[in-house]
Amino acid sequence: MTDKNPFGVGGEPVAEGLQDRVIHVARVAKVVKGGRRFSFSASVVVGDGVSRVGHGLGKATEVPEAIRKGAEQARKNLTEIAIVDGTIPFSAIGCHGSSRVLMYPGRRGKGIIAGGAVRVIVELAGISDIVCKVHGTKNFHNVIRATMDGLTQMISIAEYAAFRDKSVEYFAQGIG
């Protein structure tokens, strides 16, 4: 999406600061009495490039309509991701089905070492340094959901300190 175009991939105006990208479009068929009825499903990821990201799946008889529905659903599913200095605060493993996405924090300047759907999701989440590896099935839907599972495990030091009834300084010193 360019800065000159105020519309997203579905032709609808995008909320302020949100970007959307299509991960995968598939033609699916439903077998009925008279034969097959074809439609399209589109996996779309939406993020603000700072700390919020969401995903959605749209289904329709035309591709643009499926993309628009997916983007609309993704905007409803936005979640806040804890980011520290452009990377994730700690290692995590996201799981969905037989997909496992291993995520490790990257040093400043390392870049995004990830491929496919994982790369798009972490870019839209605003993460600039991360190392990811996908194990198990490479199915787009499972990889997207496993990545989102891993990113939603991230919490900030302040949230963790409140959960443990400790001060933030206790964990910042490396004692806990």
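**Close-up views of a buried serine and selected salt bridges**

At 4% relative accessibility, Asp 20 is classed as buried in this structure, which is a predicted model.

**View 1. Salt bridge between Asp 20 and Arg 75.** The two side chains meet with an N to O distance of 3.6 Å. Asp 20 belongs to strand β1 (residues 19-32) and Arg 75 to helix α1 (residues 63-76), so this pair ties together parts that lie 55 residues apart in sequence. Whereas Asp 20 is buried, Arg 75 is partly exposed, its relative accessible area being 24%.

**View 2. Salt bridge between Arg 21 and Glu 123.** The closest N and O atoms of this pair are 2.8 Å apart. Because Arg 21 lies in strand β1 and Glu 123 in helix α2 (residues 116-125), the contact ties together parts separated by 102 residues in sequence. Arg 21 is partly exposed, at 33% relative accessible area, and Glu 123 is likewise partly exposed, at 30%. Salt bridges with shared partners join Arg 21, Glu 123 and Arg 119 into one network.

**View 3. Salt bridge between Asp 48 and Arg 52.** The side chains of Asp 48 and Arg 52 meet at 3.4 Å, N to O. Arg 52 is partly exposed, with a relative accessibility of 30%. In the whole structure, a search finds six salt bridges, among them this pair.

**View 4. Surroundings of Ser 51.** Ser 51 is located in the loop between β2 (35-47) and β3 (52-60). The residue is buried, with 12% relative accessible area. Leaving aside residues up to four places away in sequence, Ser 51 touches Thr 79, Glu 80, Ile 81, Ile 83 and Ala 125.

Notes: Residues are numbered from 1 along each chain as its sequence is written. This is a predicted model: local features need pLDDT of at least 70, side-chain atom pairs count only at pLDDT 80 or more; totals for chains, interfaces and linings use all residues. Side-chain values use heavy atoms; hydrogens and water are left out. Helices (H or I, at least four residues) and strands (E, at least two) are DSSP runs, numbered from the N terminus. Buried means under 20% relative accessible area, exposed over 50%, partly exposed in between (1.4 Å probe, protein chains only). Contact means heavy atoms within 4.5 Å. A salt bridge is a side-chain nitrogen of Lys or Arg within 4 Å of a carboxyl oxygen of Asp or Glu.
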